[in-house]
Amino acid sequence: METMTRANLAEAIYAEVGLSRNESADLLESVLERISAVLESGESVKISSFGTFLVRQKGQRIGRNPKTGVEVPILPRKVLSFRPSQVLKARINNEEVEDEA
């Protein structure tokens, strides 16, 4: 199984849309930059029939070093999560489902 890369995505845009390779790469970079900026500001990004990217705040908690057993505080932080849509889940499982709005 091969991993999809930025280069692969740019090439797919080039093949599908008909823009030049440079324009395809620029379009991809622009979309990814916009998504990143919105997530950085703490907002979520919902892409219909694909899923939602969310930024969640995790509180401080006590963790444990598995080697030594010493307790260590884990500082509060933001984490990025992705919730796939029902449409994407169905596609992955080769099931039929109505397109969501």
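A residue is called buried below a limit of under 20% relative accessible area, exposed when over 50%, and partly exposed in between, using a 1.4 Å probe and protein chains only. By this scale Phe50, at 37% relative accessibility, counts as partly exposed. The model is predicted, so local features need pLDDT of at least 70 and side-chain atom pairs count only at pLDDT 80 or more, while totals for chains, interfaces and linings use all residues. Residues are numbered from 1 along each chain as its sequence is written, and side-chain values use heavy atoms, with hydrogens and water left out.

Two aromatic pairs are found in the structure; rings of Phe, Tyr and Trp (its six-membered ring) pair if their centres lie within 6.5 Å, with planes under 30 degrees apart counted as stacked, over 60 as edge-to-face and the rest as tilted. Phe50 and Phe82 make a tilted pair because their ring planes stand at 50 degrees, with the centres 5.4 Å apart. This pair links distant parts of the chain, 32 residues apart: Phe50 is in the loop between strand 1 (45–47) and strand 2 (51–58), and Phe82 is in strand 5 (residues 77–84). Strands here are DSSP runs (E, at least two residues), numbered from the N terminus.

Phe82 is itself partly exposed, at a relative accessible area of 33%. Phe82 also pairs with Phe53, again tilted, at 4.8 Å centre to centre and 45 degrees between the planes. Since Phe53 belongs to strand 2 and Phe82 to strand 5, the pair ties together parts 29 residues apart in sequence. Phe53 counts as partly exposed at 21% relative accessibility. Together, Phe50, Phe53 and Phe82 form one aromatic cluster.

Conventions
Helices (H or I, at least four residues) and strands (E, at least two) are DSSP runs, numbered from the N terminus.
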